[in-house]
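Biologist: Could you walk me through how the pieces of this one pack and pair?

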Amino acid sequence: MDGFTSIREAGGADHSIAQLLAKGAIVGPRLFYSGQALTQTGGGADFRTPGELIDPCGHISPFSVMSVIADGVDQVRKAAREELRKGATQIKLFASGGVVFPSEAHSTIYEYSEAELQAIVEEAKSRGTYVMAHVYTDEGIRRCLRAGVRSIEHGNFASEETIAMMSEHGAYLDPTFISLVQRIESASENNLSQPIVDNLKQTVARGKQVYRWARQYDVPLAFGTDLWGPEAQKSQLREFEIRMELDSAPNVIRSATTTNAALMMQEGKLGTIAAGAYADLLIVDGDPLTDLRVMLDPRKNLKFIMKDGVIYKNELN
């Protein structure tokens with residue numbers, strides 16, 4: 001009801017949720033899901049603490065629904081095949097640590113060997129799809145690009161040379177600023193330490209420079225948010241607000257429509273009004289091409305929502 005008729009999910013959703021949405025049993029956007037994200041032992045989505053062991057059933061703490069640990073070319077190949085078998089529309093992997101998780105993973109320069117990355121990409125390509133990689137570090141991004149990863153998630157510590165390399169490889173950058181900003185704003189209630197907050201602030205500032213380089217080198221910029229949980233997800237639309245500082249309104253709208261469609265291999269179906277496309281349509285009170293703030297208040301400004309020809313909101317009368 002905020003105007004997102006399709007979303008690309010980055011770890012944890014599954015076929016049953018996608019089917020319920022497709023059948024209209026629950027109201028929500030069209031779902032392109034990754035299934036469980038692939039992570040190496042001790043990687044960015046291995047949420048075990050240093051003293052924690054895998055239980056006898058092989059589960060990896062309460063976050064096992066989000067990720068699967070796989071090491072070595074054979075294991076990652078099998079893990080990718082398993083997620084694709086379960087209907088994943090793309091594969092998600094962790095190629096570096098994070099900047100929030102309470103572990104030492106954020107300090108890693110890169111994760112997964114290039115041979116492992118290449119195996120995952122090969123399996124995705126064999127099914128006509130692609131790999132998206134959670135990766136912050138410069139070397140991690142370069143390794144992903146050499147392996148053929150299509151979508152770089154976050155990428156805040158890329159160098160200018162690496163952004164130029166992204167352009168050469170035709171890779172997409174998904175900056176997800178609001179995820180970091182929201183965590184800074186909610187740090188006290190979530191008990192984030194001051195070093196983590198300082199790191200988040202540095203990461204946001206660095207990401208804005210990376211965004212400017214991406215514009216300079218014509219790297220396609222996707223529109224994503226990376227927000228988890230019901231409270232955080234209330235901030236989804238604020239990604240528009242942050243992008244207003246860095247880009248023109250038409251470019252940001254393109255990111256959220258035609259660029260995202262191209263990234264997800266849905267050109268001609270999403271982000272367009274044309275014969276053969278999904279019958280998705282939003283009508284707003286105002287012109288978002290001149291003032292993106294129109295998109296920030298859907299209760300007031302979003303007058304009409306249609307997905308697959310089904311009207312979910314109509315205040316045009």
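Here is a short chat about a helix pair and a sheet.

Modeller: This is a predicted model, where local features need pLDDT of at least 70, side-chain atom pairs count only at pLDDT 80 or more, and totals for chains, interfaces and linings use all residues. Residues are numbered from 1 along each chain as its sequence is written, and side-chain values use heavy atoms, with hydrogens and water left out.

Biologist: Are α2 and α3 roughly parallel or roughly antiparallel?

Modeller: The axes of α2 (72-85) and α3 (114-126) are 9 Å apart, at about 25°; they are lines fitted to C-alpha atoms over the stretch in contact, with angles from 0 to 180 degrees between N-to-C directions. Angles under 35 degrees count as roughly parallel and over 145 as roughly antiparallel, with 65 to 115 roughly perpendicular and the rest oblique. So the pair is roughly parallel.

Biologist: Which residues of α3 does α2 meet?

Modeller: Contact means heavy atoms within 4.5 Å. From α2, Gly72, Val73, Val76, Arg77, Ala80, Arg81 and Leu84 take part; their α3 counterparts are Ala115, Glu116, Ala119, Ile120, Glu122, Glu123 and Ala124.

Biologist: What is the bridge partner of Ile283 in β10?

Modeller: β9 and β10 (302-307) pair in the antiparallel sense over four bridges. In β10, Ile283 is bridged to Phe304.

Notes: Helices (H or I, at least four residues) and strands (E, at least two) are DSSP runs, numbered from the N terminus. Two strands pair if DSSP finds at least two bridges between them.
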